Number of protein chains: 2
Amino acid sequence: MQNSEAMALSAALLAVAGGLVQRIHDGVVARGFEGVRPMHGFAFTRLAPDGATVTDLAVHLGVTKQAASQLVDDLVRKGYAERHPHPVDARARLVVMTERGRACTRAAEEAAAEAVREWSEVLGEAEVRELARMLPRIAPGGPIRPAW
Amino acid sequence: MQNSEAMALSAALLAVAGGLVQRIHDGVVARGFEGVRPMHGFAFTRLAPDGATVTDLAVHLGVTKQAASQLVDDLVRKGYAERHPHPVDARARLVVMTERGRACTRAAEEAAAEAVREWSEVLGEAEVRELARMLPRIAPGGPIRPAW
DNA sequence: TTGGATAGTCAAGTTGCTTGACCATATGGT
DNA sequence: ACCATATGGTCAAGCAACTTGACTATCCAA
């Protein structure tokens, strides 16, 4: 594969990713969740199972713990998360999602499903399933970092 | 396809995109082009054919023309682009890439090819070709907007 | 020729991150 | 038991990449 073809593939991938983020964000806003930024969604995926500490979040998002702390401030102020005392470590605080936060993630899932449905109309469901099989195999494991 | 599956597919796509941007950026830096940000690459793709005006760039990148102008300032200061008088419109200025700028895009293409080659090792070349066929069909046409 | 649209820049404000400094609590070696 | 060091978290200040607002120069159509 030529370098220029690799670049074209990369550009297409980034265009799809950028469009998808925009679609999900618009869908979440349209469902009544204002003031939430796409990066909050990445935070939600880490908080959802059992909550997380600020430091956990910082590692997951690939930012400093100060930045993660500010992000949590924002989520708390907007009613999406709460800080609780940590059950076993008095230094730490466990950040957990509120019901409103969980509702917001459901809205994001619905919006994502809408976008994927449109892909199915173009590619067919079989190919979308193939996408869903291929992408996780080449996804890096590290922090979710926009980085551009 | 369930909503949660759509979300998992989305997450995988965004992880791949984030990793790819990081890979390309690292590769460009490793080839000796410092102080260049990923967004500059998107600007290069618009400048490469015949140059572009600041307003063209702003539309392409999805930012204000002031932001585009600042970005061009930066590219000029770092030797990747030059401002020339526009051949037919005395208000406008044509921004064109320097040889160093073109060398930088070649470095980005090499880095992209490296990343894609690693995908081939995991998925096989046939599936990567299939990716290259599918993604452009679902890529939105609008501005290249990171948006998160 | 003149009034409004367009290309571009300058200046100031906002925001989301960073680095640096600091306190509280945990942990492990002696 | 005690202290040195590591770790979790926050406060404060700074920075970089955008934004909005205001302005000049040029184009173009009535």
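Predicted model: local features only at pLDDT ≥ 70, side-chain atom pairs only at ≥ 80, totals over all residues.

Residues are numbered from 1 along each chain as its sequence is written, chains are lettered from A and ligands numbered from 1 in the order in which they are written, and side-chain values use heavy atoms, with hydrogens and water left out.

We start with the interface. Taking contact to mean heavy atoms within 4.5 Å, 47 residues of chain A and 47 residues of chain B take part. The buried area, that is, the accessible area (1.4 Å probe) that two parts lose on being put together, summed over both, is about 5,000 Å² here, and carbon and sulfur atoms give 79% of that.

On the side of chain B that touches chain A, H1(B) provides the largest share, with 18 residues; helices are DSSP runs (H or I, at least four residues), numbered from the N terminus. That side divides into 34 nonpolar, six polar and seven charged residues, where Ala, Val, Leu, Ile, Met, Phe, Trp, Tyr, Cys and Pro count as nonpolar, Asp, Glu, Lys and Arg as charged, and the others, Gly among them, as polar.

How many salt bridges are there between chain B and chain A? The count is two, a salt bridge being a side-chain nitrogen of Lys or Arg within 4 Å of a carboxyl oxygen of Asp or Glu. One pairs Arg133(B) with Glu127(A), whose closest N and O atoms are 3.2 Å apart.

Now to the pockets. On a 1 Å grid over the protein atoms alone, a pocket is an open set of points where a 1.4 Å probe fits, with protein on both sides within 12 Å along at least five of seven lines, and lining residues have an atom within 4 Å of a point. The largest pocket has 32 lining residues, and those nearest its centre are Met7(A), Pro38(B), Gly41(B), Phe42(B) and Thr45(B). Its lining has 20 nonpolar, nine polar and three charged residues.

In the second largest pocket, 26 residues form the lining, with Gly41(A), Phe42(A), Thr45(A), Ala108(A) and Met7(B) closest to the centre. H2(A) supplies six residues, the largest share of this lining.

Methods
Helix = DSSP H or I, 4+ residues; strand = E, 2+ residues; numbered from the N terminus.
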